[in-house]
Amino acid sequence: MKKLCIFLLSVFLLFSFTACAADDKTTQASDDSKLSVSVSFNALYEFTKAVGKDKVAISTIIPTGSEPHHFEPKASDIADLNTAKVFIYNGLGMEPWAEEVINASENDDLITIIASDGADIIKNEGEEIEEHGQYDPHLWLSLSGAMIEVQNIADGLSKADPDNKDFYQANAKAYRKELNDLLTEYKEKFAALENKNFVTGHAAFHYFCNDFGLEQNSVEDVFAEGEPSTRQLADLVEYCKDNQVTTIFAEETASPEVSRTLADEVGASVKIIYTMEGSDDSLSYLERMKANCENIYKSLSQ
Ligand SMILES: [Zn+2]
């Protein structure tokens, strides 16, 4: 009898342990069940989050605060690529290191999504070629460009995780509608304005301008690298006065001091503009895009 009790107890304990182990595995499996996605920078994180929601685990390669156009990834920046299922980058020369890190990852099953695929590309001219390469990469800063990138991301995630295809496509559809609503709203607003020129830090808003029939002038185009000469500053001051520029837009990573100097010279105010190349105070893409549209609109309707 005693032996039988010990035997039964052992069976019970063994069963409990097995049950526990099985439980642990289930918990782990639910973590692993998220699709692991690596993205190059913040705007793509935002789009991927909007499409994948709780079904994706996203890591961002370019840290906020580093200059994204001249970023050179260290081994630690791209470690997640070894185990990621999907790698999403913008393309158009924004991540010249992309192909090299894909090859270096030795991750044969990695699915790569180039978010800008199929978009109408703006070719750079003059000094912009030196700064940003042959093509203007800033597609995500236009709402129509963002709609293309979101759809490419949804299609790529659907391929990587076909079980959740309907979920990704439905989220993309809803998010694209929000982008399109904002686009429609500001197309009307900007169309009614006479003044179409604004001044910002670096020339990131060409696609944005194409959406709304606007024109950007960038502080960095005039000053290039380093301190502006007296002559260049005088030229831009004249430009601002001729065009009744009352607001100079400044970005955290692109010449904020020069923007401030210029604003002082022409009696303009300085306003923050978001390029979504890094994260800003945990604001979403749509919140920052609305702020960009509204602030540019206000500055032009003064
Ligand atoms: Zn940029």
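**Aromatic contacts and the zinc site**

Both Phe 198 and Phe 208 are buried in this predicted model. Their rings form an edge-to-face pair, 6.5 Å centre to centre, with 80° between the planes. Phe 198 belongs to strand β5 (residues 197-200) and Phe 208 to helix α7 (residues 206-212), so the pair ties together parts that are 10 residues apart in sequence.

In total, the structure holds 16 aromatic pairs. One of them joins Tyr 186 and Phe 190 in a tilted arrangement, at 5.9 Å centre to centre and 45° between the planes. Both residues lie in helix α6 (residues 165-191). They are four residues apart, about one turn of the helix. Tyr 186 is buried, and so is Phe 190.

The charged end of Lys 189 lies over the ring of Tyr 297, 5.0 Å from its centre. That of Lys 55 lies over the ring of Phe 167, 4.8 Å from its centre.

A zinc ion is coordinated by His 69 (NE2), His 138 (NE2), His 202 (NE2) and Glu 277 (OE), at 1.9 to 2.1 Å. The arrangement is tetrahedral because the four donor atoms subtend angles of 103 to 120° around the ion. Along the chain, the donors follow the spacing H-x68-H-x63-H-x74-E. His 69 and Glu 277 link distant parts of the chain, 208 residues apart. His 69 is in the loop between β2 (56-60) and β3 (86-89). Glu 277 is in the loop between β8 (269-272) and α11 (285-300). His 69 is buried, with a relative accessible area of 12%. Glu 277 is also buried, at 3%.

Conventions: Residues numbered from 1 in each chain as written. Predicted model: local features only at pLDDT ≥ 70, side-chain atom pairs only at ≥ 80, totals over all residues. Heavy atoms only, no water. Donors = N, O, S within 2.8 Å, 3.2 Å for Na, K, Ca; no water. Tetrahedral: all angles 85-135°; square planar, octahedral: opposite > 155°, others 65-115°. Helix = DSSP H or I, 4+ residues; strand = E, 2+ residues; numbered from the N terminus. Buried < 20%, exposed > 50% of the residue type's maximum accessible area, 1.4 Å probe, protein only. Phe/Tyr/Trp six-rings, centres within 6.5 Å; stacked < 30°, edge-to-face > 60°. Lys NZ or Arg CZ within 6 Å of the ring centre and 35° of its normal.
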